[in-house]
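Subject: Structure handover

Hello,

Here is the structure we talked about. Please open it alongside this email; my notes follow below.

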Amino acid sequence: MSDLFDVIVIGAGPAGYPAAIRAGQNKLKVACVDEWKNMDGTYAFGGTCLNAGCIPSKALLESSELFQRAKDEFGIHGIRFGDIKLDLAAMQKRRASIVKTMTNGITALFKANGVTGIQGHGRLLPGNKVLVTGVDGLERTLEAKNVVLASGSTPIRLKNVPHDGKYIVDSWNALEFDAVPARLCVIGAGVIGLELGSVWRRLGSEVTVLEALEQFLPIADQTIAKEAQRHFKKQGLDIKLGAKVLSAAVKGSAVDVVYADATGEHTLQVDKLVVAVGRRPFTDGLLADGTGVQLDARGFIQVDEHCRTTAPNVWAVGDAVRGPMLAHKGKEEGVMVADLIAGHFGEVNYKVIPSVIYTAPEIAWVGQTEEQVKASGRAYKVGTFPFAASGRARAMEAGQGMAKVVSAKDDDEVLGIHVIGPMAGELISEAVLAMEYSASTEDIQRTIHAHPTLSEAIHEAALAVDKKAIDGLNR
């Protein structure tokens, strides 16, 4: 095999592997180098998302929700069981099987698109060369006309909360528990913390979430955030805001967590402590001296709007660069870069990147929050519609939450759409498409939505913007 390529991608996560595949589709000779190693010692493509993040967490969220619904909801439908029993080993086996299927799929896609997949550590050298240290420890140097850095991110660890992988764990460890902890504490009430807290709460854990900020979900529209907080409280998640963790120490088979809030200092004893305070760009060992690639003060690789780094013909995409750490954002950056390298058009519209929190109810949004629009000084109007008034949601026994549309008063442009409720992550795609085409509120109002469907909630919320809602009260 020749060591000269048109493109070398370092990283095969959700930003790197799409870049490699699209480069292959563009008839470029491409290699993709990745060093992911699973806890069982096996190597796999797919990065954090497929192996230890997006996919396994969604598998457990789905299974745990079904378990909770079987206990608490199915009886309402007239479906009755004897005692419902949890088989966590089977649930974890299903999760692992899904992950393996998806990661094996990447290997098959590489083969189908002519991508040379290499398992090992990639390190950028000056002159667009890449030093690859294989899983066998052997080194080889590859060279390419273009190099794409897609090294991803890694969980942030707290100095005063020493990680041991057994009692004090990160988000990956928390997906691998072989028993339901009686008492679980999660540090961080962000996306990851809420999803993991939800999984183990449904399966029987007593869950406490410690959040240092005084405001709940500040990244979300606050109407939606307050609605979410109310539902999580009803579900038994004990979310403590303004709670700053001072220390944590393993005592026997438990963890003592010391935190402070407005009322003073407290100690909480739990069986497992999950640290979910965010992620940082992973660039350890990525760059040799003299490459010309620059990092910013927070460790992100500096890039322009088309993901070009400060070094010629070196690009960077995904969690290692600015912007939200979202798999779909990284994917589109990877595709854009591969097209630009091939001389094609490429662009990412950073204004319409959707966000989803896969709790129950789900939370999803795109565009600006009402708070952001208000701060901008632009005159705006708002419409909301509750899922309690949706026939389809009621039939699903899922009438919690609402849809909310924020639009400009001057030209009726849709500025943001926010949903908390059933299948919000699926519903938000309509909003993304509408905003990608700079839709007005009237465009959504005049678009026929099938009845009865959950999507009618967005339609009705758009109508409510101009006080024209049919199935809800106009306020």
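**Salt bridges**

Asp170 and Arg157 form a salt bridge, with their closest N and O atoms 3.5 Å apart. This pair links distant parts of the chain. Asp170 is in the loop between strand S7 (168–169) and H5, while Arg157 is in the loop between strand S6 (153–155) and S7. They are 13 residues apart. Asp170 has a relative accessibility of 8%, so it counts as buried; the cut-off for buried is under 20%.

Before going further: this is a predicted model. Please read every value below with that in mind.

How many salt bridges are there by this rule? The count comes to 23.

Another one joins the side chains of Glu333 and Lys329, at 3.3 Å from N to O. Both residues lie in helix H8 (residues 327–341). They are four residues apart, about one turn of the helix. Glu333 and Lys329 are both buried.

Then look at Arg378 and Asp410. Their side chains meet in a salt bridge of 3.1 Å, N to O. Here, too, the pair links distant parts of the chain, 32 residues apart. Arg378 sits in the loop between helix H9 (370–376) and strand S19 (380–386). Asp410 sits in the loop between strand S20 (402–408) and strand S21 (414–421). Asp410 has a relative accessible area of 59%, so it is exposed. The bridge is also part of a network: salt bridges that share partners join Arg378, Asp410, Asp411 and Glu413.

**Aromatic rings**

The whole structure holds five aromatic pairs. One of them is Trp36 with Trp172: the ring centres are 4.9 Å apart and the planes are at 40°, so the pair is tilted. Planes under 30 degrees apart would count as stacked, and over 60 as edge-to-face. Where do the two residues lie? Trp36 is in the loop between strand S2 (30–34) and helix H2 (47–52). Trp172 is in helix H5 (residues 171–174). Trp36 and Trp172 are both buried.

A charge also sits over a ring. The charged end of Lys29 is over the ring of Phe5, 5.0 Å from its centre.

**Polar contacts**

His449 has two contacts for your list. Its side chain meets that of Glu430 in a polar contact of 2.6 Å. The His449 side chain also reaches the backbone oxygen of Thr447, at 2.8 Å. His449 lies in the loop between helix H12 (441–445) and helix H13 (456–465). With a relative accessible area of 12%, His449 is buried.

Thr441 is in helix H12. Its side chain makes a polar contact of 2.6 Å with the side chain of Ser407. Why does Thr441 count as buried? Because its relative accessibility is 0%.

**Surface patch**

Which residues make the nonpolar surface patch of about 260 Å²? They are Ile79, Phe81 and Ile84. Ile84 lies in the loop between helix H3 (54–72) and helix H4 (88–112). At 31% relative accessibility, Ile84 counts as partly exposed.

**Two distances to check**

Lys27 and Ala342 are 315 residues apart along the chain, yet their C-alpha atoms are separated by 8.5 Å. Lys27 is in the loop between helix H1 (16–25) and S2. Lys27 counts as exposed, because its relative accessibility is 75%.

Val30 and Trp200 are 170 residues apart in sequence. In space they are 42 Å apart, C-alpha to C-alpha. Val30 is in strand S2. Its relative accessibility is 0%, so Val30 counts as buried.

Best wishes

Methods. Residues numbered from 1 in each chain as written. Predicted model: local features only at pLDDT ≥ 70, side-chain atom pairs only at ≥ 80, totals over all residues. Heavy atoms only, no water. Phe/Tyr/Trp six-rings, centres within 6.5 Å; stacked < 30°, edge-to-face > 60°. Buried < 20%, exposed > 50% of the residue type's maximum accessible area, 1.4 Å probe, protein only. Lys NZ or Arg CZ within 6 Å of the ring centre and 35° of its normal. Patch = residues over 30% accessible without salt bridge, like charges linked within 9 Å, V, L, I, M, F, W, Y side chains within 5 Å. Areas by Shrake-Rupley, 256 points an atom, 1.4 Å probe, with all protein chains shown as cover. Salt bridge = Lys/Arg side-chain N within 4 Å of Asp/Glu carboxyl O. Polar contact = N/O pair within 3.5 Å; in protein donor to acceptor, adjacent residues only side chain to side chain.
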